[in-house]
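Here are my notes on the model, as numbered points. Please read them with the structure open.

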Amino acid sequence: MAIYAHRGASIEFPENTLAAFQRAVDLGTAGVELDVHLSRDGVPVVIHDESVDRTTNGSGKIADLTLAEIQVLDAGRGEKVPTLAEVFDIVAGKLKVDIEVKAAPAAAAVLLEVARYPTLDWLISSFYWDALRYVREQSATAELWVLWPSATDEAIAVGREIGATVLNLEYSTVTEEQVKRVAADGLRIGVWTVNDLTEAKWLRDIGVVAICTDDPARLNEVFADR
């Protein structure tokens with residue numbers, strides 16, 4: 001079972017910052033998960049929300065702010081909101097990157113960025129299935145994960161349609177029966193976001209292949225598949 005650091009090692013460092021991703025690298029974590037939006041000038045930046053309000057000392061929608069305006073903000077402990085390229089500079093060749101595309105227009109920019117990093121091990125996940133369809137149209141080989149709260153018939157159908165490898169689900173909705181059902185359709189199950197060791201052990205035992213966690217240091221000690 002692979003451990004993915006959710007927004008980096010976000011229990012120790014401000015989420016989606018270079019410090020959080022560097023910590024995941026230092027821990028030898030199998031992968032990191034991050035979130036991508038586009039700035040007003042079209043640069044893919046790594047931040048979860050549509051606005052900078054929650055995670056920085058600024059305010060406003062990311063789509064309304066230039067990269068220069070975003071990167072003067074404090075994202076916690078003096079960290080800034082990084083560009084996708086800045087994160088790739090840290091992680092390329094060291095661990096796998098789950099790039100969650102937060103809006104369909106960002107998919108094209110992400111593909112342009114990953115093409116610049118030949119050693120990068122990457123996948124794209126999204127709740128916006130049209131973004132995943134777009135990526136598949138552009139690349140027959142891209143690894144795609146379907147994000148959804150639970151293993152609905154529609155999510156499974158989309159996974160089969162686009163040749164996804166994993167349904168990435170909210171962990172509390174997952175059952176052993178679902179894991180078997182999804183496997184019959186040629187898919188596997190990953191989950192978010194698990195910090196409890198007992199829950200993680202149970203999910204591993206029923207066949208979940210990837211866990212996203214805020215606390216990779218703790219889960220790595222027990223579960224890491226490096």
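1. Buried stands for a relative accessible area under 20%, exposed for one over 50%, and partly exposed for what lies in between, with a 1.4 Å probe and protein chains only. Helices (H or I, at least four residues) and strands (E, at least two) are DSSP runs, numbered from the N terminus. The model is predicted, so local features need pLDDT of at least 70 and side-chain atom pairs count only at pLDDT 80 or more, while totals for chains, interfaces and linings use all residues. Residues are numbered from 1 along each chain as its sequence is written, and side-chain values use heavy atoms, with hydrogens and water left out.

2. Helix H7. Exposed residues here are Glu-177, Lys-180 and Ala-184, and on the other side of H7 Gln-178, Val-179 and Val-182 are buried. The buried residues of H7 pack against H6, S7 and S8, where contact means heavy atoms within 4.5 Å. Just after H7, Gly-186 has a positive phi of about 80°.

3. Helix H6. This helix spans residues 153–162, and its buried residues are Ala-155, Ile-156, Val-158, Gly-159 and Ile-162. They lie on the same side of H6, since their arc around the axis is only 160°. The face turned away from that buried side carries Asp-153, Glu-154, Arg-160 and Glu-161, which are exposed. The cover over the buried residues of H6 includes helix H5 (129–138), strand S6 (144–148), strand S7 (166–170) and helix H7 (176–184). Gly-163 follows H6 and has a positive phi, near 70°.

4. Nonpolar cores. A nonpolar core is a set of buried Ala, Val, Leu, Ile, Met, Phe, Trp, Tyr and Cys residues joined through side-chain atoms within 4.5 Å. The largest one has 59 residues, and Ile-99, Ile-124 and Ile-211 have the most contacts inside it. Helix H3 (residues 84–91) gives the most to this core, with six residues. A second, separate core has 10 residues, among them Ile-47, Leu-67, Ile-70 and Leu-73. In soluble globular proteins, nonpolar side chains tend to be buried together.

5. What does Ile-99 contact, leaving aside its neighbours within four places in sequence? The contacts are Leu-34, Val-36, Phe-88, Val-110, Val-114, Trp-122, Leu-123, Ile-124 and Ser-125.

6. Cys-212. This residue is found in strand S9 (residues 210–213) and counts as buried because its relative accessibility is 6%. Residues up to four places away in sequence not counted, Cys-212 touches Tyr-4, His-6, Glu-33, Val-191, Trp-192, Thr-193 and Val-194. Cys-212 and Glu-177 are 35 residues apart in sequence, and their C-alpha atoms are 21 Å apart in space.

7. Backbone points to check by eye. A cis peptide bond joins Trp-192 and Thr-193, with omega about -20°; Thr-193 sits in the loop between strand S8 (188–192) and helix H8 (197–205). Arg-7 is not a glycine, yet has a positive phi of about 60°. Arg-7 lies in the loop between strand S1 (2–6) and helix H1 (18–27), and counts as buried because its relative accessibility is 14%. Asn-16 lies in the loop between S1 and H1, and its phi is also positive, near 55°. Asn-16 is buried, with a relative accessible area of 3%.

8. The cavity. On a 1 Å grid over the protein atoms alone, a cavity is a set of points where a 1.4 Å probe fits but cannot get out; a pocket is an open set with protein on both sides within 12 Å along at least five of seven lines; lining residues have an atom within 4 Å of a point. Grid points are joined across faces, edges and corners, and a volume is the space filled by probe spheres set on the points. Residues lining the largest cavity include Glu-15, Asn-16, Thr-17, Val-46 and Ile-47.

9. The pocket. The largest pocket holds about 220 Å³ of space. Its lining has 13 residues, with His-37, Leu-38, Ala-63, Lys-102 and Ala-103 nearest the centre. Strand S2 (residues 31–38) gives the most to this lining, with three residues.

Methods: The arc is that of the directions from the helix axis to the C-beta atoms.
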